[in-house]
Amino acid sequence: MSEEVKPESMSLCPVSVAATPEHELLCIFGTGDLGRSLGHRLLQAGYKVVYGSRRPHSCGPLPPGAQAMSHEVAAKSANLVFICVHREHYDFLETLAPQLMGKVLVDVSNNLKKNLYPEANAEYLQRIVPGAHVVKAFNTLSAWALQNGPSDANRQVYLCGNSAVAKQAVTESASKLGFTVLDRGSLSAARELEDFPLQLFPEWRLPIRLAIGLTAFFFFYLLIRDVVFAYVEQGKDISFRIMVSLANKVFPIVSIIMLSLCYLPGVIAAFLQLYRGTKYKRFPDWLDRWMLCRKQLGLLALAFASLHVLYTLIIPIRYHVRHWITANTISKIKENKTSEFDTTMAWRTDSYYSVGILGYGLYLLLGISSLPSVSNTLSWREFSFIQSKLGYLTLFFCTFHTYLYGWDKFLRPSYYKWYTLPGYMLSLVVPSVVLVLRLLLFLPCMDRTLTRIRQGWERSDAENDSKKSLLT
C-alpha cells in the first residue's frame, strides 16, 4: 500500500515547488507584448523567467532579469511553459515534442473571430504535443493588465485542462500574480474561453437595444406631436426645435423609464416569491436575464439624465430663447403692460428644479457606488442600502420631478394633440407602477411574509405543520 502512495506523492511535487516561486524557473515561448508583460509580472512575483525564441540573440528588449535562449534549451529548463505565440506558428512545437514530454503547457492564444478553426487552439496544441499537459489560461487578459497587475474589473483568470495537477500548478502561478482563478473544467471548454475576448459588451446588448428602441420611439412620437402637428394644423415651421427642445424631452423620458426598469424585476421577483411561498424555485429565464443587466440599465439611465442636465443648461443661450425674450419684452414695453408675479408658478418652478437637482444628485451617487473600485470597499449591507433604499428614493424624486413638470397640464385639452398623450405622461406609467407595487411590499403583512421566505421559510412547511397538528 505504501509503495502505491509514493508515486502519487511524487507526481504532486511540481505543485509543492510552486509554493516557493523564488526557486522555480518558468519558460515563456514568445517575446511579443504579451510574453514580455507576462514575464515582467512573473519576475515581480519572485519567479525566474527564461524565454524561448527563434532568435535568442536578437529578440528585442526583455524584462530585466530574464534570459533568452533557443526553444530546445528553454523547454528543457522548466516544467511550466507559457505558449505566447499565435496558432499559425505552432508547427515548431511538434519538433519539440520530446523536450515537452510531461511539461505543463499554458496556451494563452486567441483568434481573430469565432469558428475560425474546426477545433480550439488548446485542443490543437494538445494534439500536436500529446505528451504534454495543456492548460488554457490567461487568454482573457491583455498585455496591459498583465504588466500593471490585476485591477478591480480584471481580476479573474479562466482556465481549463484535462490534468488536475497541471491546472493546480497554473492556479498557483496565477494566484501569486494576484488573480482569482475560475476553473471551467476539461480542455473541451477551451473554445468557450477563446470566444470570451471576442464578445463585444455581451452584458450591455439588451440594455443598449432597449435604450435605442425607447429613444427612437419617443423621438418619432414627439416629432409627430410637436413638429408635424404644428406644421399641419398651424402652418408653423418649428423644425429647428428638433436639435435641442425635442432631444431634451426624449432624454429624461428614456432615463426615468430605464431607471424604473432597474427596479421592476426586483419587485416582480418579490411577488413571485410571495405567490410561490418559497425562494428555492428558479425565476423564469427572462427574469434572470433582466435582473443580471440591471447595473447596465442604471448606468445608461444615468447617461441619459446627464444629457438632459447638459441640454437644460444651454437653454438660456439658445438663439430661439433669446429672441423670444427680447421680442416679448419689447412687446410689453410697447403695450405698456407688466406681468404680475405669480406666486404659485414660482413655487412650482422652484420645487420642480429643486426636486430635479436632488434626484440627479442621488442618481450620481448610485452610479459612483456601482463602480468596482467603490463597490469593493463597501460591505454588502452598505451596497444594498445605496442601491436599494436610495435607489427607490432616486426613482421617487425623479418621478415627482416629472409630476411637477406636468402640474395641471393634464386638464388642458390643447396638450392632447391629435388625441395623443403628452410624452411626460407616458414616461410616468412604468415608474408609478413600480413605486405603487413597492409600497404594497412595505405593508406589514407582505413585508413580514417576504422576509420569512427569504430566510428559508416555505409555505409547504406551514401546511405540513398544520396537517400534523390536526392528526395529533
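**Pockets, a cavity and an open sheet**

Trainee: By class, how many nonpolar, polar and charged residues has the lining of the second largest pocket?

Mentor: In this predicted model, the lining of the second largest pocket comprises 41 residues, and those nearest the pocket's centre are R294, W380, S384, Q387 and S388. Sorted by class, the lining has 21 nonpolar, twelve polar and eight charged residues.

Trainee: Which element gives the largest share of the lining of the second largest pocket?

Mentor: Several helices each supply at least two residues of this lining, among them α11 (245-276), α13 (294-313), α15 (343-369) and α17 (380-406). The largest share amounts to nine residues, and the helix that provides them is α17.

Trainee: How do the residues lining the largest cavity divide into nonpolar, polar and charged?

Mentor: The structure holds one cavity of 30 Å³ or more, and about 60 Å³ of space lies in the largest cavity. The residues around that space include K113, K114, E119, R191, E194 and D195, together with N111, N115, L116, Y117, A120 and L198. Divided by class, the lining of the largest cavity has four nonpolar, two polar and six charged residues.

Trainee: Which strands stand at the edges of the open sheet, each with a single partner strand?

Mentor: Eight strands with mixed pairing form the open sheet, in the order β3-β2-β1-β4-β5-β6-β7-β8. Because the two edge strands each have a single partner, one side of each is left without a neighbour in the sheet, and these strands are β3 (67-69) and β8 (180-183).

Trainee: Which residue in β4 is the bridge partner of F29?

Mentor: Strands β1 (residues 25-29) and β4 (residues 80-83) run parallel and are joined by three bridges. Helix α3 (residues 33-44) lies across β1, β2 (48-52) and β4, and the helix runs at about 160° to β2. Within β4, the bridge partner of F29 is I83.

Trainee: Over which residues does pLDDT stay under 50?

Mentor: The protein averages a pLDDT of 88, and 91% of the residues score at least 70. There is a stretch in which pLDDT stays under 50, and for that stretch the model has 19 contacts beyond four places in sequence; the stretch is residues 1-22.

Terms used. Residues numbered from 1 in each chain as written. Predicted model: local features only at pLDDT ≥ 70, side-chain atom pairs only at ≥ 80, totals over all residues. Heavy atoms only, no water. 1 Å grid on protein atoms, 1.4 Å probe; cavity = no way out; pocket = protein on both sides within 12 Å on 5 of 7 lines; lining within 4 Å. Points joined across faces, edges and corners; volume = space filled by probe spheres on them. Nonpolar A, V, L, I, M, F, W, Y, C, P; charged D, E, K, R; others polar. pLDDT = per-residue confidence, 0-100. Contact = heavy atoms within 4.5 Å. Pairing = 2+ DSSP bridges. Helix = DSSP H or I, 4+ residues; strand = E, 2+ residues; numbered from the N terminus. Axes fitted to C-alpha atoms, helices over the stretch in contact; angles between N-to-C directions.
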